[in-house]
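Hi,

Here is the structure I said I would pass on. Have a look at it first, and then read my notes below.

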Amino acid sequence: MTMMTPPPLEQEDEEILVPHQELTEGPQPMEVLSAETANALESQQVEDPPTFKYRWTIENFSRLNAKKLYSDIFYVGGYKWRVLIFPKGNNVDHLSMYLDVADSATLPYGWSRYAQFALAIVNQVHGKYTIRKDTQHQFNGRESDWGFTSFMSLSELYDPSRGYLVNDTCVIDAEVTVRKVIDYWSYDSKKETGYVGLKNQGATCYMNSLLQTLYHIPYFRKAVYHMPTTENDMPSGSIPLALQSLFYKLQYSDNSVATKELTKSFGWDTYDSFMQHDVQELNRVLCEKLEDKMKGTVVEGTIQHLFEGHHMNYIECINVDYKSTRKESFYDLQLDVKGCRDVYSSFDKYVEVERLEGDNKYQAENHGLQDAKKGVLFIDFPPVLQLQLKRFEYDFMRDTMVKINDRYEFPLQLDLDRDNGKYLSPDADRRVRNLYTLHSVLVHSGGVHGGHYYAFIRPTLSDQWFKFDDERVTKEDAKKALEEQYGGEEELPQTNPGFNNSPFKFTKYSNAYMLVYIRESDKEKIMCDVDEKDIAEHLRIRLKKEQEEKEHKKKEKAEAHLYTIIKVARNEDLIEQIGKEMFFDLVDHDKVRAFRIQKQLPFNHFKEDVFKEFGIPVQFQRFWLWAKRQNHTYRPNRPLTPQEEAQSVGQLREVSNKTHNAELKLLLEVEIGPDLHFLPPPAKTKEDILLFFKVYDPEKENLRFVGRLFVKALGKPTEILSKLNELAEFPPNEEIDLYEEIKFEPNVMCEHIDMRMSFKSSQLEDGDIICYQKSLTSANRSQFRYPDVPSFLEYVRNRQVVHFRSLEKPKEEDFSLELSKLFTYDDVVERVARQLGVDDSSKIRLTSHNCYSQQPKPQPIKYRGVDHLLDMLVHYNQVTSDILYYEILDIPLPELQGLKTLKVAFHHATKEEVAIHTIRLPKNSTVADVINDLKTKVELSRPDAEVRLLEVFYHKIYKIFPPGEKIENINDQYWTLRAEEIPEEEKSLGLHDRMIHVYHFTRDSNQNQMQVQNFGEPFFLVIKEGETLADIKIRIQTKLQVPDDEFSKWKFAFISLGRPEYLQDSDIVSNRFQRRDIYGAWEQYLGLEHSDTAPKKAYTTNQNRHTFEKPVKIYN
């Protein structure tokens, strides 16, 4: 089945959205479509649209055999809907989930409906880890379902410790809102609101919301306009000019504005535009760049003046007279959302005093350890106050980012002088009134895995709010901008009698994440007038010229139906192009002179235009029509008749053009005599054939066009040999070989011409191409790489320059090789091995390039796994790359492919050392084989020591591998494989002994006090019945060899599902480890709380591959 690939409108979610297709095995085309597809469809509502929440509970989930499964039907907006899932994935290793129009098969032709919807897999243990993805779609007969082919990984879903399957039950939530659609294309933002939006490049809505906010701070806009730029600058290479250009267009354009020039000035490629980044990070990086580029100009210091405030960090001793202070600047403030009801409570938390006492005393200069108070107070606030709300935070327990959707209120007016200036330091200037009014609210809609960004802004600080949502700008009321962006939960009564009629609360996933306030006392200065006199003259001229060109193109497009484009190819074009830009056929029509001619103009009048352009009098012009042949070549077919030349241009185009496009392609034939004067075109009969000639030089490997000749159909090539030698500037009696260039798609076809046969017998006709060369003897043929025309054309057709990079340095080009697309796998690795000086080419392993991510593909090319070089370069049957990555292996690739390679960290029993060993074994080997192999490489405490293999992930032990487990499916890419000797005490467990997990942990002062962060090496410990914590502590200290003074500071806690219960020395530890109803032994452990002072070990690096977002970089 063919995969449908929607056009690349916008990709808001890292998840790729697709209509449900039963995917064929193997690589699929990349679908690029946004999680906010409705930028092209979003409805304009007159009333609240119908919304419904549906919950689907699926029991015995892991035992489902069906490839796909539908939910019961539910009704929203009078329509029938259902959820469709593929429990084992739609030919991917992820759960696939879609929303489906249940009765699509019976709906009338042309039906259509539009819905915003969210699908979620509920985490039944920790609700905040529920995975929810939002999108919207215009459903129709062709796309009656829509959703996510890769909703969540199957390994995560089926892992019972993760909480998505409890008692083998899976819970799915769907929230569907059906909207009435008003034609998006008819909506005019400028006409309706006076403002225009910004186009989305793929996933740049986060940038658009920030740029609109900055643009609507007039003082900032004025400063950008006053940055010095010159008429020689190019916007794509100058951030100031690109930003000036963008702001000018936002101010004066009638249509939405593109941001490509600006992102190019950042040094971004297309892939960066399809990566969603952090707005706060972009804001900081952009402002830093502008601040740097403003230095030494009239606007130097603007960024600091607008956005910079200062706070004072202090530590004040309680019992002695000592105080330490440090002044720091800020451009924005990060405010906690979790545990705070509003902005004021976040500020209260920001200046909260921390007590440094007990084990945490402060080392005061000349006073030793002292009880002290630590805190932050503000020296001054900036005129424009940017508040970043911490909606996203890292959850160390689950090793993932989570979004905080809690309700969080923010006022229209913010008074930071409240309660006698409790946020201010003693040094603050109390004459400045820190009363702020809200200017903009930047919103994130969606979950941690992706979503959509937009902004509510008051451009003039009036009561009217505007929503800037990419290209679309709408008027909104204050409730939409404020209360509806607080987040939290909403209560929705259930109306479906088949479900549950009691009201349910649902999390609102759309909420504010950044607020911009403007100080009342600075309002007049900040909200200043910005007009054309603020814009440099060269910029006004450049942008007006751009606008005029745009209007001209628009006018041309509107009038295109009145005109025909005539493309005229001449001898000069063939000479210029053949052998340089092209080798096959005769000319690239996109590079010849084009005339835009009114359709009603008689063709004879057009010939006057040709005379004016080329200086060729009308009587010496003869035009030939081109025709596309069945073998996909494009050749001159026949000359125009006098009757055709008397017709209008429009009529002639229709005669010549079966594809009905707006172009007429012609060849201009001009005869020039020996005295270089024009001659009338020769008479053309049916017996005359117009042939085109190219000459090949095998020594220079060069092909060039030398001219055209009329020949008689019954004539023979021998009759024109002297003329051909003259054209090629060969000696008159030079022996030559002739070949007909027949076609080049999909393969080159070039056949030798028999000199003894007539042109007609050789099936030559008007427009055919003959390539010729000096005849070679069999002796001198060997001197040349491509001795004849066919071999040269074959080479040209398939040559490919490939850029090779080391897989270890995937961004750096190492070397390039000119290869043939027809090279076999062996040919390619042989050439690479030769280049690298490697004797055995089977030790070369290659990896293909992903054209979309600009990264190596995850899986290398298998030994002889592809037939030809072309197969290595094609990406998803669509795009051809010219990059390959190489590795030099220590053993031949065929041998390596039969092996499983594992990296195992061996922990010595008595020495504090960890050694990483690479184990290579046949794929059908077992864990016991790994252990036996490892024993030959490591030093054991005694010869008969038993060794086990553990799976460690983020400082927790998740599994002890059974000796008989096959190694083929063990994944060491994200998990650490740890090998260790089994202690004697674990081999002889008593009836009431328990083996428990023991982990190190610390609590981050910036995190919730109940949250723990594990670190260090986890281990097992045997505890006896009735054993107290005091007894166990002695054994732990001995095992870990911790000095007394340090160990005395350690705290011990029983931790279950991330919640610590601190233990006293007298507590019986075994009493805590009685519960069996837990989802994994690692969720219940003895925790050792102390500071993490150990250096990070290198082998843990591959545990840090889980990143939330790529960092924002502006390169220029």
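**What I found**

The chain has 28 helices and 57 strands; helices (H or I, at least four residues) and strands (E, at least two) are DSSP runs, numbered from the N terminus. Bear in mind that this is a predicted model, where local features need pLDDT of at least 70 and side-chain atom pairs count only at pLDDT 80 or more, while totals for chains, interfaces and linings use all residues. Residues are numbered from 1 along each chain as its sequence is written, and side-chain values use heavy atoms, with hydrogens and water left out.

Now the overall picture. Of the chain's 1116 residues, 51% count as buried (buried is under 20% relative accessible area, exposed is over 50%, and partly exposed is in between, with a 1.4 Å probe and protein chains only). Take the contacts (heavy atoms within 4.5 Å) between residues at least 6 apart in sequence: 67% of them join residues at least 24 apart.

Next, the salt bridges. There are 70 in the structure, each one a side-chain nitrogen of Lys or Arg within 4 Å of a carboxyl oxygen of Asp or Glu. One of them joins the side chains of Arg 55 and Asp 173, at 2.7 Å from N to O. Because Arg 55 sits in strand β2 (residues 51-58) and Asp 173 in strand β10 (residues 170-179), this pair ties together parts 118 residues apart in sequence. Arg 55 is partly exposed at 36% relative accessible area, whereas Asp 173 is buried at 15%.

Another salt bridge links Glu 887 to Arg 845, with the closest N and O atoms 2.9 Å apart. Glu 887 belongs to strand β47 (residues 883-888) and Arg 845 to strand β43 (residues 844-850), so parts 42 residues apart in sequence are tied together. Arg 845 counts as buried, at 19% relative accessibility.

Glu 156 and Arg 162 also meet through their side chains, at 3.7 Å from N to O. Glu 156 is partly exposed at 22%, and Arg 162 is partly exposed at 21%. There is a network of salt bridges to look up as well: Asp 585, Arg 629, Arg 635, Lys 694, Glu 741, Glu 765 and Asp 768 are linked in it.

On to the helices. Helix α5 (residues 239-252) packs against helix α14 (residues 537-558) at an angle of about 60°, and their axes are 11 Å apart. The contact includes Leu 241 and Tyr 248 of α5, and Leu 539 and Leu 543 of α14.

Helix α4 (residues 218-225) has 6 of its 8 residues buried, so the rest of the structure largely encloses it. Those buried residues are Pro 218, Phe 220, Arg 221, Ala 223, Val 224 and Tyr 225.

One last stop: where does Ser 1070 lie? Ser 1070 is in the loop between β56 (1059-1062) and β57 (1084-1089), and counts as buried at 4% relative accessibility. Apart from neighbours within four places in sequence, Ser 1070 is in contact with Ile 1023, Lys 1024, Glu 1025 and Gly 1026.

Cheers

Methods: Axes are lines fitted to C-alpha atoms, for helices over the stretch in contact, and angles run from 0 to 180 degrees between N-to-C directions.
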